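Open the model in your viewer and keep the selection tool ready. Each stop tells you what to select and what is there.

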Amino acid sequence: MRWLVLILMLLPAGLRAQQAATLIADNVTLTADNQLIASGNVEAFFDGTSLRAARITYDRDSDRLLITGPITVQSADGAMLTASSADLDPRLQNGILLGARLVLDQQLQLAANQINREDGRYLQLYRSTASSCQVCGTRAPLWEIRAERVVHDTLERQLYFENATFRVRGVPLLWIPAMRLPDPTLTRATGFLIPRTRNTSQLGTGLKTPYFVTLGDHADITLTPYLSPQTRTLEILFRRAFANGSLQISGAVSDDTLQPEARSYLSAVGQFAVAGGYQLNFNFETVSDKAYLLDYGYGDQDRLESALSLVRADDTSLNELRLSYFQTLRDFETNASLPPFIGEVRTEHRIQPGYGGTLTYAISLDTAYRPDTTDGDAGRDVTRAGGRADWRRDWILPGGLVMTGQTGMRADLYNVRDDSAFAANDLRFVPAAMVTLRWPLARPGNGQAGHLIEPTVTISWADIYGGIPPNEDSTRSELDQANLFDRSRFAGQDAVETGAQVAAGLTWTRLGAGGTTSTLTLGRIFRSAAQPDFTPSSGLSGLESDWLISGQYTLPNGLFFELRGLLDDDADTTRTDGRIRWRNETVDAGAAYIWQAADLAENRPDTISEWTLDADLTLTDAWSMTLDARYDVAADRPVRAGIGFGWQNECVTIEVSASRRYTSSTSVDPTTTFGLSGSLAGFSAGRSAGRPAAQCRQ
């Protein structure tokens with residue numbers, strides 16, 4: 001029979017007001033000299049800490065617990081301590097454990113000849129060995145840290161090593177007189193992060209040593225010196241969380257041999273919820289020169305956008321203010337020609353009127369500003385103020401036909417400066433109407449494949465009454481399956497498709513019984529008048545558009561295909577693109593291809609034909625691989641290529657990578673980059689205990 005004994009009954013009166021340990025055992029004996037001896041399945045509990053042992057002797061006179069192992073102590077924070085024998089106080093807060101082993105977060109193991117427990121906070125381990133690697137027999141672990149003394153501060157969750165040696169398979173590689181490391185349960189702490197090496201053909205071999213600094217519970221900053229024979233760089237990352245949003249600032253400053261002057265970049269991103277249900281978003285980006293981001297691997301953008309927006313959106317309304325500034329990084333483009341300054345404010349509302357359908361109305365104001373005052377495209381500034389109203393309604397007709405009717409009116413007032421080809425002030429009105437007929441024909445699968453065929457025809461009309469403004473926001477349009485049946489395929493407000501037009505198409509969808517899905521779309525647009533703002537390669541120029549052919553195929557194993565092509569009447573291709581993706585638990589790989597005919601109207605003097613590839617592969621439980629590549633078929637040369645390998649087990653992660661950028665320009669040279677990084681599990685924040693463990697071999 002097991003006995004339940006409250007040690008409180010044996011403690012001095014001054015301690016009875018405090019919580020004491022609880023003891024459970026198979027056998028309990030009280031001796032004449034005030035010793036309580038518990039044996040057989042002994043368990044003791046105090047304030048969230050539990051202790052299990054073969055035998056516990058409580059000496060009331062010395063107020064000590066003499067414990068015979070094997071001993072297991074489980075603390076409230078999940079740490080586990082084992083020992084062969086111990087001398088502790090009844091509250092398990094102070095004492096000595098011999099032949100002890102400490103396991104933190106089921107990852108890091110620390111073995112010691114002796115562990116002293118002090119004030120319930122500090123554990124002092126003497127002649128200690130620390131490792132998160134699996135130990136097989138007498139063979140040394142993959143890595144270990146041996147130290148004369150280790151102090152574990154359980155409150156601050158820090159490990160302090162004295163006179164430590166880092167060993168690999170028992171071979172000492174590095175002696176460290178003193179160091180501090182976070183235990184695996186700590187998510188944030190000031191200190192050095194994992195260093196990384198970076199080798200490039202331009203900057204040589206360098207080392208990045210990030211230093212993380214906590215600034216309270218809601219902010220931190222990371223300072224990363226990057227040193228190589230060709231550069232001295234300091235990278236900065238600042239993060240701050242607020243009750244209503246967040247802010248992140250990143251940047252770098254460099255003194256290198258590539259440029260005679262200092263180089264730098266700065267980026268700031270923020271999101272905040274403000275009064276009235278509005279969301280304030282901003283991002284700011286600037287760089288000292290066009291090649292800096294590519295030279296240091298910070299990004300591959302060819303334009304930087306800094307923007308400030310204030311947005312409120314719900315089911316029936318949208319209110320938005322947006323200001324943008326663009327900085328070009330292209331060799332043959334200037335900021336003044338973009339235009340660099342863009343501003344927009346708009347409000348849009350949707351209601352359900354009593355006569356049926358949906359009524360949408362909106363007003364907006366936008367402007368495009370160029371600092372240059374040259375007459376014409378290079379210096380033109382445009383401001384537009386306008387409003388629109390659209391009404392839409394759906395009907396179900398006999399035979400299953402679905403009809404949609406739309407009508408609307410738009411009015412815009414333009415102010416144009418620094419371009420004598422356009423009137424300084426111009427007012428235009430754009431009435432429009434459209435009717436869409438769809439006839440969905442379905443055949444249920446009944447355990448087999450199901451089919452849906454949907455022929456669609458739209459008849460629409462629009463016209464302009466007033467002046468023709470400059471086209472600033474609709475210079476790039478193309479035909480695809482998303483806009484085939486739209487009234488207008490222009491992305492912005494400046495350009496309008498005028499005259500009557502008919503869009504006809506057919507969509508076939510197959511739903512396979514095994515989970516496969518395939519879709520095929522074929523369509524074309526017929527107009528009464530050609531649209532001069534569409535470029536030849538858009539597939540939309542002329543009285544008749546190109547034929548649009550688009551298809552998708554999806555398999556239940558995560559494989560996806562998509563293909564789109566624009567063909568003229570002679571079956572010549574204007575534009576083709578396709579992609580394939582395979583995604584499951586072990587593979588995330590994709591490839592894409594694009595072909596575009598040369599088109600001077602889109603500033604494209606040469607044909608574009610390119611392949612891109614990216615893959616993230618899990619080869620085994622321990623090995624992974626990444627791939628990325630881009631190949632210019634038209635020029636018959638690679639643009640970039642990269643490969644990376646990762647290996648990890650329960651205690652180590654190693655990553656190596658190599659990449660090559662082949663492109664060159666007046667500001668950028670081809671570059672080869674190598675990377676190497678590694679980490680030890682058990683110290684880094686957020687490391688999982690579920691890594692693949694090494695197998696012990698006989």
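Strands here are DSSP runs of E with at least two residues, numbered from the N terminus. This is a predicted model: local features need pLDDT of at least 70, side-chain atom pairs count only at pLDDT 80 or more, and totals for chains, interfaces and linings use all residues. Residues are numbered from 1 along each chain as its sequence is written, and side-chain values use heavy atoms, without hydrogens and water.

**Stop one.** Select threonine 535. It sits in the loop between strand 34 (517–527) and strand 35 (547–554). Is threonine 535 buried or exposed? Buried means under 20% relative accessible area, exposed over 50%, and partly exposed in between (1.4 Å probe, protein chains only). Threonine 535 counts as buried because its relative accessibility is 8%.

**Stop two.** Select asparagine 34, in the loop between strand 3 (27–30) and strand 4 (35–46). Its phi is near 60 degrees, a positive value in a residue other than glycine. Asparagine 34 is partly exposed, at 36% relative accessible area.

**Stop three.** Go to arginine 157, in the loop between strand 11 and strand 12. Phi of arginine 157 is near 55 degrees, also positive. At 33% relative accessibility, arginine 157 is partly exposed.

**Stop four.** Select glycine 69 and proline 70. A cis peptide bond joins them, with omega about 10 degrees. Proline 70 belongs to strand 6 (residues 64–74). Most peptide bonds are trans.

Conventions:
Helices (H or I, at least four residues) and strands (E, at least two) are DSSP runs, numbered from the N terminus.
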